[in-house]
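Visitor: I've got a model open on my screen and a few quick questions. Could you walk me through it?
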Amino acid sequence: DYVNPPIGKGLPVPGSVKPVIAVPTTAGTGSETTGVAIFDLVRMHAKTGIADRRLKPSLGILDPENTQTLPPQIAASTGLDVLSHAIESYTAIPFNQRPLPKYPYLRPVYQGSNPISDIWSMEALNIVSQYLRRAVGDSSDEEARAKMLLASSYAGMGFGNAGVHLPHAMSYPVSGMVRDFRNEGYVVDHPLIPHGISVIMNAPAVAKFTGQVCPERHLKVAEVLGASISKKNSADAGKILANQITEFMYQLNVPNGLKALGYGVGDIPRLVEGALPQHRVIKLSPRPANQEDLASLFEDSLVAW
C-alpha cells in the first residue's frame with residue numbers, strides 16, 4: 001500500500017508511528033534525518049522504498065565513536081553515498097518546476113532542489129572534499145570520522161527534502177541483480193554490492209548527461225570538490241564534475257565501473273528495466289531520461305577510468 005508507485009500504491013502513511021531514536025553506525029545514509037525507508041524487493045531484484053514524513057526519527061544521536069571500527073572500504077562506500085546524496089540533491093530539478101499535487105498532503109517527501117536543501121547539500125560537499133579521504137585512510141582520525149558523520153546528516157537533510165535522482169535510481173538494480181561480487185571489508189555470507197558503490201558507479205555518467213541543463217550548479221559542485229573552474233566553458237560542466245567524481249573513486253580504490261562488479265553490455269536491458277519503475281527519483285532528474293537514455297548511461301558506467 002505504501003511503497004512508491006508504480007511498484008506500489010504510494011498511499012500516505014495513515015498515522016503516527018512509534019518514536020524512533022536513530023543512532024547511525026556508518027557515515028553515509030543520513031537516515032536519522034529522513035522519512036525514507038529502503039528495502040530489497042526480491043521478486044524484482046531491485047531496491048525500492050516507502051517515503052513519508054511520518055517515518056522520520058524522533059531523535060538522531062551522532063557519535064563518531066560508533067564509526068571508528070568501520071573498515072576502510074566500508075568508510076569509502078558509505079562516504080561516497082554522502083557525496084552522491086549531496087550532488088544529486090543540489091542538481092535535482094528545482095522545486096518550482098515539479099508537478100503541483102492536487103492536495104497538500106499529496107506533496108512528495110522529495111521536493112526538488114530549493115534554497116534550504118542547497119545549504120545543507122553544499123556544506124556536506126565542503127566537508128566531504130576535506131575529510132572523506134582522511135576518514136578512509138586512518139580510522140583513528142577522530143576529527144575526520146566526526147566530520148563525515150556530520151556530512152552524512154547534513155546531506156540527509158538536503159536530499160531528505162530535495163531528493164536524489166538518476167544515480168540512485170540506477171543503483172537499485174545494480175545492487176539487486178548482484179551475482180557473485182563481494183566487496184572487501186564486508187563480512188557477509190552472500191554476494192553483496194554495497195549501496196554507496198552501486199550509486200557512485202553511475203554518478204560520473206549522469207553528471208555528463210545532466211550538466212548541460214544546469215551547468216552553473218555542476219561547475220559549483222566541481223569547484224567545491226577541487227576543480228579549477230576559472231575560464232571553463234559551461235558546455236564542459238558535466239564532464240568537469242564527472243572527472244572530479246571519478247578522481248574520488250580512483251583515490252578510494254573502489255571497483256573500476258560496472259564491469260568490475262560483474263556486469264556487461266548484455267545486462268543493460270535488465271538494468272534499465274529495474275531502474276525505470278523508480279519514478280520517485282527518476283522524475284527528479286533535471287534532464288528527463290527515457291529508456292534509451294538509461295541504456296546509454298549504464299553503458300557509459302561500465303568502465304570508470
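Visitor: How do helix α1 and helix α7 pack, at what angle and how far apart are their axes?
Guide: Helix α1 (residues 72-91) and helix α7 (residues 215-224) pack at about 155°, with axes 10 Å apart. Axes here are lines fitted to C-alpha atoms, for helices over the stretch in contact, and angles run from 0 to 180 degrees between N-to-C directions. Keep in mind that this is a predicted model: local features need pLDDT of at least 70, side-chain atom pairs count only at pLDDT 80 or more, and totals for chains, interfaces and linings use all residues. Residues are numbered from 1 along each chain as its sequence is written, and side-chain values use heavy atoms, with hydrogens and water left out.

Visitor: Are α1 and α7 roughly parallel or antiparallel?
Guide: Roughly antiparallel, therefore. The cut-offs: angles under 35 degrees count as roughly parallel, over 145 as roughly antiparallel, 65 to 115 as roughly perpendicular and the rest as oblique.

Visitor: Which residues meet there?
Guide: From α1 you have Ile87, Tyr90 and Thr91, and they meet Arg217, His218, Lys220 and Val221 of α7. Contact means heavy atoms within 4.5 Å. The residues of this α1 contact with α7 split into three nonpolar, two polar and two charged.

Visitor: Switching to α6: how many of its residues are buried?
Guide: Seven of the eight residues in helix α6 (residues 203-210) are buried, so α6 is largely enclosed by the rest of the structure. Buried means under 20% relative accessible area, exposed over 50%, partly exposed in between (1.4 Å probe, protein chains only). The buried ones in α6 are Ala203, Pro204, Ala205, Val206, Ala207, Phe209 and Thr210.

Visitor: What do those buried residues of α6 pack against?
Guide: They pack against α1, α4 (166-176), α5 (195-200), α7, α8 (237-251) and α11 (291-300).

Visitor: OK, Ser129. Buried or exposed?
Guide: Ser129 counts as buried, at 15% relative accessibility. You'll find Ser129 in helix α2 (residues 115-137). Neighbours within four places in sequence aside, Ser129 is in contact with Val224, Leu225 and Phe248.

Visitor: Where is Lys56, and what is in contact with it?
Guide: Lys56 is in the loop between β3 (46-51) and β4 (59-60). Lys56 is partly exposed, with a relative accessible area of 39%. Again leaving out neighbours within four places in sequence, Lys56 is in contact with Thr33, Thr34 and Gly35. Lys56 and Ala37 are 19 residues apart in sequence and 9.3 Å apart in space, C-alpha to C-alpha.

Visitor: Last one: how many helices and strands does the protein have?
Guide: Eleven helices and four strands. Helices (H or I, at least four residues) and strands (E, at least two) are DSSP runs, numbered from the N terminus. Buried residues make up 52% of the 305 residues, and the C-alpha trace spans about 45 × 45 × 40 Å along its principal axes.

Conventions: Ala, Val, Leu, Ile, Met, Phe, Trp, Tyr, Cys and Pro count as nonpolar, Asp, Glu, Lys and Arg as charged, and the others, Gly among them, as polar.
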